[in-house]
Amino acid sequence: MVTQIVRTSILSYKSNGPQVFAYLPVRRKWQRETLLGWLQNRLMTTSKRVQDRSTTKRVQDLEIVTEKWKIVSKVKAVMEILNEEPETIIPVRNLERHRIKINLPKPHKISDFLRKSPKLFELYKDQRGLLWCGMTKEAEDLVEEEGRLIEEHSDKVAEYVTRCLMMSVDRRLRSDKIANFRRDFGLPVDFRDRWVHRYPELFKVVKLVDEVSYLELVSWNPDWAITELEKRVLGVSESSNHQPGMLSLSFPLRFPSNYKKVYRHREKIDHFQKRSYLSPYADAKGLTAGSLEFDKRAVAIMHELLSFTLEKRLVTDHLTHFRTEFVMPQKLMRLLLKHMGIFYVSERGKRFSVFLTEAYEGQELIEKCPLVVWKEKLLSLVGYREKKKKILTFGDLSDLEDSGLIESSSEHENISMHFGHEDTMVGVEDALLADNDEMNIGEIGLAGWNSEKS
């Protein structure tokens with residue numbers, strides 16, 4: 001009888017039927033409340049999963065930004081691997097060992113991926129027919145430029161790492177966890193080996209009983225115990241006597257343009273914005289998990305961490321690694337989705353990314369540091385629109401040398417790739433990974449959303 005009543009009730013809510021029916025085995029509900037009350041409760045409950053999020057809550061501009069940086073991340077990983085080689089060249093088959101670092105899943109071929117960026121990578125075959133990969137002169141210049149920019153950015157990122165230590169409960173963090181932020185913060189490749197020892201006045205490397213390396217705070221700087229939000233809203237920059245405590249600041253909000261239901265939650269939003277919370281730099285050991293102050297402080301910490309990053313964006317996995325150290329809730333994703341006006345979670349790819357919405361105007365980052373400008377320059381060199389010919393072999397190079405078309409001392413610098421089989425780009429990822437597709441970064445927006453709609 002109960003089953004029949006429920007089935008009849010569900011028919012009147014066809015769009016939400018599957019979600020309601022999935023909860024029928026929970027018998028305790030029947031004992032605590034009436035059937036009608038239970039159904040109303042379930043039908044009004046919103047999902048906490050990113051995949052089930054309404055399309056009106058998606059920000060297409062930020063989804064496109066995610067696709068762009070995914071391309072840059074893959075290309076940059078290959079450049080780092082090549083730069084570590086003695087002659088900056090490597091057999092393509094040896095790159096198979098670095099699939100995880102490049103983030104290029106099978107069955108996609110690494111050679112096909114490299115051929116999509118002829119302005120950055122050169123391919124040629126030796127006498128045995130073995131395919132080799134190297135960087136073009138343009139790519140080598142970019143690597144040198146990035147090294148200079150990272151060196152110039154070193155003092156600033158040392159401040160950010162120190163402030164992360166100041167926010168942690170025990171004033172120390174595992175080195176391997178900080179290494180997850182390497183690209184996001186602009187840390188050098190030798191972060192764990194050399195860079196951590198360059199600022200002994202700020203932090204030091206220690207090993208505890210578990211023999212795991214930690215980075216520990218050496219000295220507390222009161223000027224750095226001021227959040228980025230305080231600097232922006234209150235205009236506070238330096239204060240030698242500053243003591244972090246309770247704050248009552250509102251976070252900047254930016255909702256999707258097609259999301260028209262903000263007014264329904266206006267009262268809750270206003271209540272949250274007016275709520276006082278403990279500064280991320282204050283001692284949080286006494287906070288009660290799940291309390292209102294606890295949640296808002298967690299939002300403040302995530303806001304602070306995202307403000308430290310180059311692109312004001314982080315992979316959500318990296319945030320969850322610090323839940324204990326920064327005293328944040330276990331269900332961090334729910335908190336990010338709940339405060340969609342402050343954060344935006346992109347579901348593109350296997351790993352989700354969270355954005356600080358106030359930092360973006362459409363697809364553009366409002367404040368770009370030199371390293372972000374460098375990445376945009378790198379992105380502009382990805383892609384091709386030429387005819388595909390064969391890959392030059394060792395014999396072809398010898399003929400070119402004999403004819404005086406290239407200099408014998410140039411090694412592999414002037415070996416170029418030629419392409420054909422023009423095709424249109426169906427999707428951003430496919431454009432990098434498919435064999436016969438064209439790539440045009442200018443069309444990335446249209447292509448990305450055509451693929452999503454399909």
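Figure 1. Cys133 has a relative accessible area of 0% and is buried. Cys164, at 5% relative accessibility, counts as buried as well. The model, which is predicted, holds zero disulfides. Cys133 and Cys164 each fall under the 20% limit for a buried residue.

**Figure 2. The open sheet of β1, β2 and β3.** Three strands make up this open sheet, and their order is β1-β3-β2. The pairing is antiparallel. β1 (89–91) and β2 (121–125) are the edge strands; each has a single partner strand, so one side of each lacks a neighbour in the sheet. From one strand to the next, the twist averages 25 degrees. Five bridges pair β2 with β3 (residues 131–135) in the antiparallel sense. Within this pairing, Glu122 has Gly134 of β3 as its bridge partner. Helix α5 (residues 60–84) packs on the sheet and touches β1, β2 and β3. The direction of α5 makes about 100 degrees with that of β3.

**Figure 3. The loop between α5 and β1.** Thr88 lies in this loop. Its phi is near 55 degrees, a positive value in a residue other than glycine. With 16% relative accessibility, Thr88 counts as buried, because the limit for that class is under 20%.

**Figure 4. The loop between α6 and α7.** Pro107 lies in the loop that runs between α6 (99–102) and α7 (110–115). A cis peptide bond joins Lys106 to Pro107, with omega about 10 degrees. Asn103 is found in the loop between α6 and α7 too. Phi of Asn103 is positive, near 65 degrees, in a residue other than glycine. Asn103 counts as partly exposed, at 47% relative accessibility.

Figure 5. Four of the five residues of β6 (residues 213–217) are buried, so the strand is largely enclosed by the rest of the structure. Lys207 stands opposite Ser213 in β6. A hairpin is formed by β5 and β6, with five residues between them. In the turn, Glu211 has a positive phi of about 65 degrees.

Figure 6. Ile269, Phe272 and Gln273 are buried in helix α12 (residues 266–274). These residues cover an arc of only 100 degrees around the axis, which puts them on the same side of α12. An α-helix has 3.6 residues a turn, so residues three or four places apart point the same way. Glu267, Lys268 and Lys274 are exposed on the other side of α12. Helix α13 (292–308) is included in what covers the buried residues of α12.

**Figure 7. The protein as a whole, for orientation.** The secondary structure comes to 19 helices and 13 strands. The protein has 454 residues, of which 50% count as buried. Among contacts with a separation of 6 or more, 65% are between residues 24 or more positions apart. The accessible surface comes to about 24,000 Å², and 49% of it belongs to carbon and sulfur atoms.

Conventions. Residues are numbered from 1 along each chain as its sequence is written. This is a predicted model: local features need pLDDT of at least 70, side-chain atom pairs count only at pLDDT 80 or more; totals for chains, interfaces and linings use all residues. Side-chain values use heavy atoms; hydrogens and water are left out. A disulfide is a pair of cysteine sulfur atoms within 2.5 Å. Buried means under 20% relative accessible area, exposed over 50%, partly exposed in between (1.4 Å probe, protein chains only). Two strands pair if DSSP finds at least two bridges between them. Helices (H or I, at least four residues) and strands (E, at least two) are DSSP runs, numbered from the N terminus. Axes are lines fitted to C-alpha atoms, for helices over the stretch in contact, and angles run from 0 to 180 degrees between N-to-C directions. Contact means heavy atoms within 4.5 Å. The arc is that of the directions from the helix axis to the C-beta atoms. Accessible areas come from the Shrake-Rupley method with a 1.4 Å probe; for residues, only the protein chains shown count as cover.
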